[in-house]
Amino acid sequence: MPSNKSVSDAPIVQFTNCRILRDHQLQREDLWVREGKILNPEKLFFDEKGSADVQLDCKDSIIAPGFIDVQINGGFGVDFSLATDDFKSGIDMVSQKILSHGVTSFCPTLVTSPPSVYHQVLPQISVRNGGAHGAGILGAHLEGPFISKEKKGAHPEHCLRTFEAGAFQELLATYGSLDCVQIVTLAPEMRRSSEVIQELTKRGICVSLGHSVANLSQAEEAVQHGATFITHLFNAMLPFHHRDPGIVGLLTSDKIPAGRRVFYGMISDGIHTNPAALRIAHRAHPKGLVLVTDAIAGMGLAPGRHTLGQQVVEIDGLNTYIAGTKTLSGSVATMDTCVRHFQEATGCSVETALEAASLHPAQLLGIEHKKGTLNYDSDADFLMLNDNLYVQATYIAGEEVWRQDVSGM
C-alpha cells in the first residue's frame, strides 16, 4: 500500500461497526486513526489514495471521547493533598487506575492545605500526555485556601486565608508556583478577589467560584472579571433563594459578558445532589454542565477511615463524612458511575450524558480543539462503551490502554 507513504509511514487503524459521538449525535461511521490523531477519511481516500492497515470490529459499541475529570482529590489510597516522598508514584497509580473508568485526562485537585504542602506537592505535578502509563495530566486544580469560613465544608479552618494588600503576591507566596496550575477555586465575595481573578485569568488559569457565601451580584462581578466555572454547584454555597439566588443564579443570569459561557461542576453520585436538583440545573443551563467526581483517596477502597488532606474521613457506603460528623467530604464515585447516574436522573440523551464528561470540561479549559471531541485532527482519546454506558475499552492517542476482561464477567 505505497500510496500512504507520501504523508506518513505510520499505520492507519480503521474502527468499524460502531456508533461515533460526533456533532452531538451518535453516527454510524467508521473511526480512522493515525499517529494518535483522528483522520478525515475523505482526505485519506482522495488526497492520499490511502486505506487502512488494520481494521478493528467494534461489535456495535458506542465510541465516545475520553472523559476529563477536572476535580479529583485522589483515589485508591492516594491523597493528592498529602505531601509524601513518593507522591509521584501515587499520582501515577491513580492515573493508571482511572483508565478503567473512562478517564483519559484529569486535573489532580488539592484541597485547602498549609503553604508547605503546596510548595512540596506542586513541583511534583507536571502536565503530561496520557498513554499506557495512565491518563494525561492537564494541570492542578487548587481548591482553596482562599474560601469562606462559613462554607468551608471539609476544608480545615486553620488553613483558610483571606486576601490582604498585595493579594496576588500573597496567593503566589501561598502556592509557591502557578506553573502547573489549571484551575483555582476561590470565594468571590472576599475583598480584593477581583484583582486576583483578573491576574489568574491573564495567565490562562481558569477561576472557579466555590466554598462561598457570595450573592448573585458578587458572583456576576467575578464572571465579568474572568471567572468561568462554579465548583460543585449547590454544595458549599448559599442555597438558592428567589430574591437572591446567589452563585446558583449564574446559570440563568443576563449579566454574563457576550460570548462567554459559565460552566458548573456537578457531583452526580446520588449523594451530593438530589436528582431533582440535578434536573433543575441541567434544564436551566444544559451546555454548562460538567460532571466531576470530587473523588477522594477512599475511591476504589473498602469503607472505613481515610484521609482528605489534613482531615480524617469515614466512608460509609457511598457517603463520605469528616470523621465524627455528618459533613460530606468529597465522593467515592467513579466518572463512569457519575455519567450513568446523570443520564438516569435527568432522562437526558446518551449523547448529552457523554458530552457532560468530555466536551464540556474540554470547552471549560479551552482545549476542545484537541480533547473532548472526535473531530478530525483531534487527539484519538476515546472509549468504547456498551448501550448502558459501561466502559469496555479505553484508548489514548489511538492505542488501547485498558480493556474489560470479559472472561472474568
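Which residue takes a positive phi just after helix 5? Just after helix 5, Gly-204 adopts a positive phi of about 80°.

The model is predicted: local features need pLDDT of at least 70, side-chain atom pairs count only at pLDDT 80 or more, and totals for chains, interfaces and linings use all residues. Residues are numbered from 1 along each chain as its sequence is written, and side-chain values use heavy atoms, with hydrogens and water left out. Helices (H or I, at least four residues) and strands (E, at least two) are DSSP runs, numbered from the N terminus.

**Helix packing**

Two helix pairs are tabulated here; axes are lines fitted to C-alpha atoms, for helices over the stretch in contact, and angles run from 0 to 180 degrees between N-to-C directions.

| Helix pair | Angle | Axis distance |
|---|---|---|
| Helix 4 (residues 167-175) and helix 5 (residues 193-202) | about 60° | 8 Å |
| Helix 7 (residues 275-284) and helix 8 (residues 335-346) | roughly 85° | within 9 Å |

Helix 4 and helix 5 pack at about 60°, and that makes helix 4 oblique to helix 5. Angles under 35 degrees count as roughly parallel, over 145 as roughly antiparallel, 65 to 115 as roughly perpendicular and the rest as oblique. Ala-167, Phe-168 and Leu-171 of helix 4 meet Glu-195, Val-196, Glu-199 and Leu-200 of helix 5, where contact means heavy atoms within 4.5 Å. By class, this contact of helix 4 with helix 5 has five nonpolar, no polar and two charged residues. Ala, Val, Leu, Ile, Met, Phe, Trp, Tyr, Cys and Pro count as nonpolar, Asp, Glu, Lys and Arg as charged, and the others, Gly among them, as polar.

The axes of helix 7 and helix 8 cross at roughly 85°; these helices are therefore roughly perpendicular to each other. On helix 7 the contact involves Pro-275, Leu-278, Arg-279, His-282 and Arg-283, and on helix 8 His-341, Phe-342, Ala-345 and Thr-346. The contact of helix 7 with helix 8 has four nonpolar, three polar and two charged residues.

**The buried face of helix 5**

Ser-193, Ser-194, Val-196, Ile-197 and Leu-200 of helix 5 are buried, a term for under 20% relative accessible area, with exposed over 50% and partly exposed in between (1.4 Å probe, protein chains only). Seen down the axis of helix 5, the buried residues fall within an arc of 160°, so they line one face of the helix; the arc is that of the directions from the helix axis to the C-beta atoms. The cover over these residues includes helix 4, strand 12 (181-186), strand 13 (206-209) and helix 6 (216-224).

In strand 12, six of its six residues are buried. Strand 11 (residues 140-143) pairs with strand 12 in the parallel sense over four bridges, and two strands pair if DSSP finds at least two bridges between them. Glu-143 has Thr-185 in strand 12 as its bridge partner.

**The sheet 17-18-19**

An open sheet of three strands has the order 17-18-19, with antiparallel pairing. Strand 17 (304-308) and strand 19 are the edge strands, each pairing on one side only. From one strand to the next, the twist averages 35°.

Strand 18 (residues 311-316) and strand 19 (residues 319-322) run antiparallel and are joined by four bridges. Ile-315 stands opposite Thr-320 in strand 19, and Asp-316 has Asn-319 as its bridge partner there. The hairpin has two residues between the strands, and Gly-317 takes a positive phi near 65°.

Gln-311 lies in strand 18 and is buried, with a relative accessible area of 19%. Leaving aside neighbours within four places in sequence, Gln-311 is in contact with Ala-154, His-155, Pro-156, His-306 and Ile-322.
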